[in-house]
Amino acid sequence: MKSVRKKELRTIRVQKNALGTNEEIALKNKTIFGKAFVVNLLSSPGSGKTSLLEAVIPVLKDAGLKMAVIEGDVDTDLDKKRIDALGVPAYQIVTNGTCHLDARMVNNSLGRLDIKNADVIFIENVGNLVCPTSFNLGEDIKAVVLSVTEGDDKPLKYPAAFYKSRVLIINKTDLLPFLKADLERIIKNALSVNKDLKIFETSCYGIPKDSPAGSACDKGMLGFAGFIKESVRSKTARLQGAFLNKGLGI
Amino acid sequence: MHEFSVAIGIIDTLRENGYLDGVSRVAKIKINLGKYSGIDKNYLSFAFQNVDDKRFNGAEIDFVLNDGDEITIKEIYVD
Ligand SMILES: Nc1nc2c(ncn2[C@@H]2O[C@H](COP(=O)(O)OP(=O)(O)O)[C@@H](O)[C@H]2O)c(=O)[nH]1
Ligand SMILES: [Mg+2]
């Protein structure tokens, strides 16, 4: 009787991040970003990422911060044009169908965008609450934008974006009176996924009733702007500290 | 939807680190998958059956699920 000899398989231990190559490019991006504080904005399409930038950029500009914006969309440079109108350098990545940005796409864009003096770089990811969460771009933080019209169950249904983000912006709060969505429940659900989320409630339109006098922004938007300013300050301090330590051989 | 990109990312990572040198077929890949990784394991398995690198087309993907957000390649079983 002929015995069929089963070929032995070799086992190779790997123990590596599955997206190791993306991680390496993300690390290069981090070096190129330098002192700039980099925010990777995640959300479903239409939650108001670009509107948020239109509202917050003038506030940060007034505070003397220099900015640059990388826009990611499946098609068109419409969002880049909206940022151009604010007088801030912007580069549009057109993914031609891909549902997320990856580190290589951002790396390619960095040669074509003036980031030399930037204190803050916003990367507006492709509108999609799932796919962009898997790809590190070299950012300092992810910020997820959820508009109230999407419903208060979304942090539970799409947890990865909330788990990986440092900041949650709950946008379109001006529409709450017309919806069944409950602000408290959005917050409770988001915190159940990630208890450390910093949360800002914003509206990009209308003069909100809690708007501080003389400002077109509501408290949440100014809070987010304040968070960015503070983050720029602490990143600079951290880098200077590291530089000094190195200089002293510590 | 992005599982195809992740599959390509896994193959790139394995290749660039020399794990595929002299390998004619990958029979199985053991992956640790966090519940917050944002990856659908069925789509990821499906993606490998369709990648250009034919050595992966018959690969069985063995997922070990856990609580974090990691996607880690633990081991590969190869000819
Ligand atoms: N009512 C209301 N509409 C908003 C708000 N923010 C954005 N929008 C609208 O939502 C739509 C999508 O906004 P956009 O900024 O392009 O979203 P993006 O796809 O996330 O960049 C646009 O029609 C905006 O005018 C808001 O705070 N309140
Ligand atoms: Mg947009």
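The model is predicted, and every value below is computed from it. Chain A contains eight helices and eight strands, and its C-alpha trace extends over about 90 × 55 × 40 Å along the principal axes. Of the 250 residues in chain A, 52% are buried.

**Chain A as a whole**

**The magnesium site**

- The magnesium ion (ligand 2) is coordinated at 2.1 Å by Thr50(A) through OG1, by Asp79(A) through OD and by Glu124(A) through OE.
- Along the sequence, the donor residues of the magnesium ion (ligand 2) follow the spacing T-x28-D-x44-E.
- Asp79(A) counts as buried because its relative accessibility is 10%, which falls under the 20% cut-off.
- Glu124(A) likewise counts as buried, since its relative accessibility is 3%.

**The largest pocket**

- The largest pocket holds about 300 Å³ of space, and its lining is made up of 23 residues.
- Residues from chain A and chain B lie nearest the centre of this pocket, namely Val130(A), Lys35(B), Gly38(B), Ile39(B) and Asp40(B).
- At least two lining residues come from each of α6 (159–164) of chain A and β1 (26–34), α2 (41–48) and β2 (60–66) of chain B, and α6(A) gives the most to the lining, with three residues.
- Sorted by class, the lining of the largest pocket comprises 13 nonpolar, five polar and five charged residues.

**Helix α8 of chain A**

- Helix α8 (residues 219–247) of chain A has 29 residues, so at 1.5 Å a residue it should span 42 Å, and this agrees with the 42 Å that separates its end C-alpha atoms.
- The buried residues in α8(A) are Gly220(A), Met221(A), Phe224(A), Ala225(A), Phe227(A), Ile228(A), Ser231(A), Val232(A) and Lys235(A).
- An α-helix has 3.6 residues a turn, so residues three or four places apart point the same way.
- The packing partners of the buried residues of α8(A) are the helix α2 (49–62) and the strands β2 (37–42), β5, β6 (141–147), β7 (167–171) and β8 (198–201), which belong to chain A.

**Asn128(A), in a loop of chain A**

- Asn128(A) is placed in the loop between β5 and β6 of chain A, and it counts as buried because its relative accessibility is 13%, under the cut-off of 20%.
- With neighbours within four places in sequence left aside, Asn128(A) is in contact with Ser43(A), Ser44(A), Pro45(A) and Cys99(A) in chain A, and with Met1(B) in chain B.

**Ala7(B), in a helix of chain B**

- Ala7(B) is located in helix α1 (residues 3–16) of chain B, and at 0% relative accessibility it counts as buried.
- Although Ala7(B) and Ser45(B) are 38 residues apart in sequence, their C-alpha atoms are 8.5 Å apart in space.
- Apart from residues up to four places away in sequence, Ala7(B) touches Leu44(B), Ala47(B), Phe48(B) and Val51(B).

Terms used
Residues numbered from 1 in each chain as written. Chains lettered and ligands numbered in written order. Predicted model: local features only at pLDDT ≥ 70, side-chain atom pairs only at ≥ 80, totals over all residues. Heavy atoms only, no water. Donors = N, O, S within 2.8 Å, 3.2 Å for Na, K, Ca; no water. Buried < 20%, exposed > 50% of the residue type's maximum accessible area, 1.4 Å probe, protein only. 1 Å grid on protein atoms, 1.4 Å probe; cavity = no way out; pocket = protein on both sides within 12 Å on 5 of 7 lines; lining within 4 Å. Points joined across faces, edges and corners; volume = space filled by probe spheres on them. Helix = DSSP H or I, 4+ residues; strand = E, 2+ residues; numbered from the N terminus. Nonpolar A, V, L, I, M, F, W, Y, C, P; charged D, E, K, R; others polar. Expected span 1.5 Å × (residues − 1). Contact = heavy atoms within 4.5 Å.
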